[in-house]
Amino acid sequence: MARSTSKDAQDLFRALWSAYSATPTNLKIIDLYVMYAVFTALIQVVYMAMVGSFPFNSFLSGVLSCVGTAVLAVCLRIQVNKENKEFKDLAPERAFADFVLCNLVLHLVIMNFLVG
């Protein structure tokens with residue numbers, strides 16, 4: 001039983017890896033950026049758990065900045081993906097401009113939260 005489960009898991013991993021290898025490079029770069037943002041948020045949470053959360057608004061600002069940036073990058077990935085028919089009329093440049101503008105607004109709100 002355990003052997004077949006292990007083999008099934010390996011087959012699943014191989015199938016996912018072969019499907020992901022066909023992903024365009026620009027989407028892989030966005031995926032790396034999302035993983036970086038999530039990893040940075042996790043590091044901040046671990047640091048807060050080990051050291052403490054004295055300036056709690058700084059902790060919240062950092063984590064929400066990382067999570068918000070990751071969410072916006074996922075939205076960018078959805079809009080730039082050629083296989084997504086819902087955004088076929090949207091130019092990649094327009095999607096990137098929306099991403100930059102939304103990041104600017106997000107970080108202005110984060111900075112306002114830090115100061116206030």
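Over residues 32–50, what percentage of the chain is helix and what percentage strand, and how far apart are the end C-alpha atoms?

Tutor: This is a predicted model, in which local features need pLDDT of at least 70 and side-chain atom pairs count only at pLDDT 80 or more, while totals for chains, interfaces and linings use all residues. Residues are numbered from 1 along each chain as its sequence is written, and side-chain values use heavy atoms, with hydrogens and water left out.

Over residues 32–50 the chain is 100% helix and 0% strand, with 27 Å between the end C-alpha atoms. Helices (H or I, at least four residues) and strands (E, at least two) are DSSP runs, numbered from the N terminus. The range comes from an unreviewed UniProt entry, which places the feature "transmembrane region" at residues 32–50, 56–76 and 96–115. UniProt positions follow the numbering used here, feature names are shortened, and annotations may be inferred rather than shown by experiment. Residues 56–76 are likewise 100% helix and 0% strand, and their end C-alpha atoms lie 30 Å apart.

The helix to consider here is α2 (25–51). α2 has 27 residues and reaches 39 Å from its first C-alpha to its last, close to the 39 Å expected at 1.5 Å a residue; the expected span is 1.5 Å times one less than the number of residues. After α2 comes G52, with a positive phi near 125°.

Burial in α2 falls on L27, I30, D31, V34, A37 and A41. Buried means under 20% relative accessible area, exposed over 50%, and partly exposed in between, with a 1.4 Å probe and protein chains only. Contact means heavy atoms within 4.5 Å. R77 itself sits in helix α3 and counts as partly exposed because its relative accessibility is 23%. From R77 to F113 the separation is 36 residues in sequence and 28 Å in space, C-alpha to C-alpha.

The next neighbour is α4. The buried residues of α4 pack against α2 (25–51) and α3 (56–80), and the residues concerned are A95, F99, N103, L106 and I110. α4 has 24 residues and spans 35 Å between its first and last C-alpha atoms, close to the 34 Å expected at 1.5 Å a residue. On the α3 side, S65 is found in that helix and touches L106, H107 and I110, not counting residues up to four places away in sequence. S65 counts as buried because its relative accessible area is 13%.

L101, L104, V105, L108 and V109 make a nonpolar surface patch of about 480 Å². Patches are made of residues with over 30% relative accessible area and no salt bridge, where like charges are joined within 9 Å and nonpolar side chains (Val, Leu, Ile, Met, Phe, Trp, Tyr) within 5 Å. The areas come from the Shrake-Rupley method with a 1.4 Å probe, and for residues only the protein chains shown count as cover. V109 lies in helix α4 (residues 92–115) and counts as exposed because its relative accessibility is 52%.

As for charge pairing, the whole structure holds four salt bridges, a salt bridge being a side-chain nitrogen of Lys or Arg within 4 Å of a carboxyl oxygen of Asp or Glu. One of them joins D98 to R94, with the closest N and O atoms 3.2 Å apart. D98 and R94 are four residues apart in helix α4, so about one helical turn separates them. D98 is partly exposed, at a relative accessible area of 25%.

K7, D11 and R14 are linked in a network of salt bridges. K7 pairs with D11, the closest N and O atoms being 3.2 Å apart, and D11 pairs with R14 at 3.6 Å, N to O. K7 and D11 lie four residues apart in helix α1 (residues 2–21), so their separation is about one helical turn. At 53% relative accessibility, R14 counts as exposed, whereas K7 at 49% is partly exposed, and D11 at 33% is partly exposed as well.
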